[in-house]
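Q: I have a model open and want to learn how to read it. Where do we start?

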Amino acid sequence: MKIINNFLSNVFIDKIINENKELLYSDVWRSSLGWQKEIIGSCGTVLMRDLSDQDKDLLKEALIAHNLILDSEKIELVAQAYLWNKLSYIPWHSDKDDDDSIRYAATLYLNNDWDDNWGGVFLYKMDGKIFGESPRYNKFVFNNKNYEHSTTILGTDAPIRQTVQLFWKKLSE
């Protein structure tokens with residue numbers, strides 16, 4: 001697991017947050033109701049939308065700048081904005097693809113203020129122990145070893161938790 005604080009510029013994060021607000025009542029959103037049953041759990045709904053190609057390019061540049069991928073690497077990148085509602089969470093799971101290929105996953109936290117009592121903590125299992133990362137503004141959590149992971153449930157007093165979720169695979173030359 002790699003944790004990077006101040007992953008991107010505040011300008012990018014503000015842009016995503018503003019777009020989320022502007023697009024909230026549009027038809028660009030999908031919901032967690034379509035997720036595979038292993039990761040739905042009995043929880044509140046998560047909304048998600050695809051980010052633009054321009055946004056994905058900026059995210060790829062940040063991955064390169066933080067030495068998470070090589071500039072020469074070709075990757076297939078999926079980047080989505082997520083809105084986590086009250087009582088939402090993800091149960092323990094792995095992000096490995098069905099075809100056993102390596103798929104990388106990461107979360108970028110967007111909320112400027114977050115109280116740990118609201119939940120939404122990222123948990124992962126490593127070496128027989130459970131570790132946690134609080135969802136702090138502009139924190140990037142990169143699951144580079146495909147550790148089994150989950151999130152804690154959001155409380156009923158929590159605001160919408162906003163994240164950018166990244167998934168990528170290296171493409172063969």
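A: Start with the inventory: the chain has two helices and 10 strands. Helices (H or I, at least four residues) and strands (E, at least two) are DSSP runs, numbered from the N terminus. This is a predicted model, where local features need pLDDT of at least 70, side-chain atom pairs count only at pLDDT 80 or more, and totals for chains, interfaces and linings use all residues. Residues are numbered from 1 along each chain as its sequence is written, and side-chain values use heavy atoms, with hydrogens and water left out.

Q: In what pattern do they follow along the sequence?

A: The order is β-α-β-β-α-β-β-β-β-β-β-β.

Q: How do strand 6 and strand 7 pair?

A: Two strands pair if DSSP finds at least two bridges between them. Strand 6 (residues 122-126) runs antiparallel to strand 7 (residues 129-133), over five bridges. Leu-123 has Gly-132 as its bridge partner in strand 7. The two strands form a hairpin with two residues between them. In that turn, Asp-127 has a positive phi of about 55 degrees.

Q: Is Gln-165 buried or exposed?

A: Buried means under 20% relative accessible area, exposed over 50%, partly exposed in between (1.4 Å probe, protein chains only). Gln-165 is at 8% relative accessibility, so this residue counts as buried. Gln-165 sits in strand 10 (residues 161-170). Across the chain, 46% of the 173 residues are buried.

Q: Which residues does Gln-165 touch, not counting those up to four places away in sequence?

A: Contact means heavy atoms within 4.5 Å. With that exclusion, Gln-165 touches Val-78, Ala-79, Gln-80, Tyr-82, Trp-84, Ala-106 and Thr-107.
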